[in-house]
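Work through these exercises with the model open beside you. Try each task before you read its solution.

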Amino acid sequence: MNYDAVIYDLDGTVVNTFDMNLYPLMKIVEEELGIEMTYDELMHLTCYDGHGVLNALGISTDVYPRWVQYVNEYPHPATLFEGIESVIRELDDKVKQGVASSKRRLQYDIDVVENGMDEYFKAVVLSGDTKHHKPHPEPLLVCAEMLDIDPKRALYIGDSIFDYQAAKAAGMAFGLASWGNISMEGMDDIDWILKTPSDILKAVL
């Protein structure tokens, strides 16, 4: 085995939440700022958690519950990226698997637990579980501690610059989930460029 553990980001890596988050966000922007922003103009904000997105837009975090309401009303729920479920199942008895994500607990329950994937993750670190958030390494290091593994023996898989920076700061190898990535700018030392989820198996086994 190349690694003792695989730790995943969620949004843009395991779970495709782009549409269900961004279309409601477009509505929030229009209501709060009185302007129209396109899907593509908002896409770069997907590396932040919900409050971080609103802060970046200059919108009060008091609006967050309304955004969540719009997300929950969106007719197309989050889906697992094609191929990721079979990879996670394949690795279940081979390496430890965990999650270090900026996702909030309630949304994790909706997007991951209800998809039946939670049973494969032996450690889960979400936005409310640490003082610092990505790109700070704390969420990844806490996850490694919970898995009882050396961070240097972990592969962190994510799609954004924050994921990359957190992995490098934690001393972990980084695998870029190309299927969710929108820009490789600033990622100068990627250990694995993963074109499809099945490439995770090639990196780990």
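**Exercise 1.** Are H1 and H4 parallel, antiparallel, perpendicular or oblique to each other?

This is a predicted model, in which local features need pLDDT of at least 70, side-chain atom pairs count only at pLDDT 80 or more, and totals for chains, interfaces and linings use all residues. Residues are numbered from 1 along each chain as its sequence is written, and side-chain values use heavy atoms, with hydrogens and water left out.

Step 1. Find helix H1 at residues 18-33 and helix H4 at residues 64-73. Helices (H or I, at least four residues) and strands (E, at least two) are DSSP runs, numbered from the N terminus.

Step 2. Take the angle: the two helices pack at about 135°, with their axes 9 Å apart. Axes are lines fitted to C-alpha atoms, for helices over the stretch in contact, and angles run from 0 to 180 degrees between N-to-C directions.

Step 3. Apply the classes: under 35 degrees is roughly parallel, over 145 roughly antiparallel, 65 to 115 roughly perpendicular, and the rest oblique. H1 and H4 are therefore oblique to each other.

**Exercise 2.** Which residues make the contact of H1 with H4?

Step 1. Contact means heavy atoms within 4.5 Å. From H1 come Met 20, Asn 21, Pro 24, Leu 25, Lys 27, Ile 28, Glu 31 and Glu 32. H4 supplies Arg 66, Trp 67, Tyr 70 and Val 71.

Step 2. Sort the residues of this contact: 7 are nonpolar, 1 is polar and 4 are charged. Here Ala, Val, Leu, Ile, Met, Phe, Trp, Tyr, Cys and Pro count as nonpolar, Asp, Glu, Lys and Arg as charged, and the others, Gly among them, as polar.

**Exercise 3.** What do the buried residues of H8 pack against?

Step 1. List the buried residues of H8 (residues 161-170): Phe 162, Asp 163, Tyr 164, Ala 166, Ala 167 and Ala 170.

Step 2. Name their neighbours: helix H7 (138-147), strand S6 (154-158) and strand S7 (173-177).

Technical notes
Buried means under 20% relative accessible area, exposed over 50%, partly exposed in between (1.4 Å probe, protein chains only).
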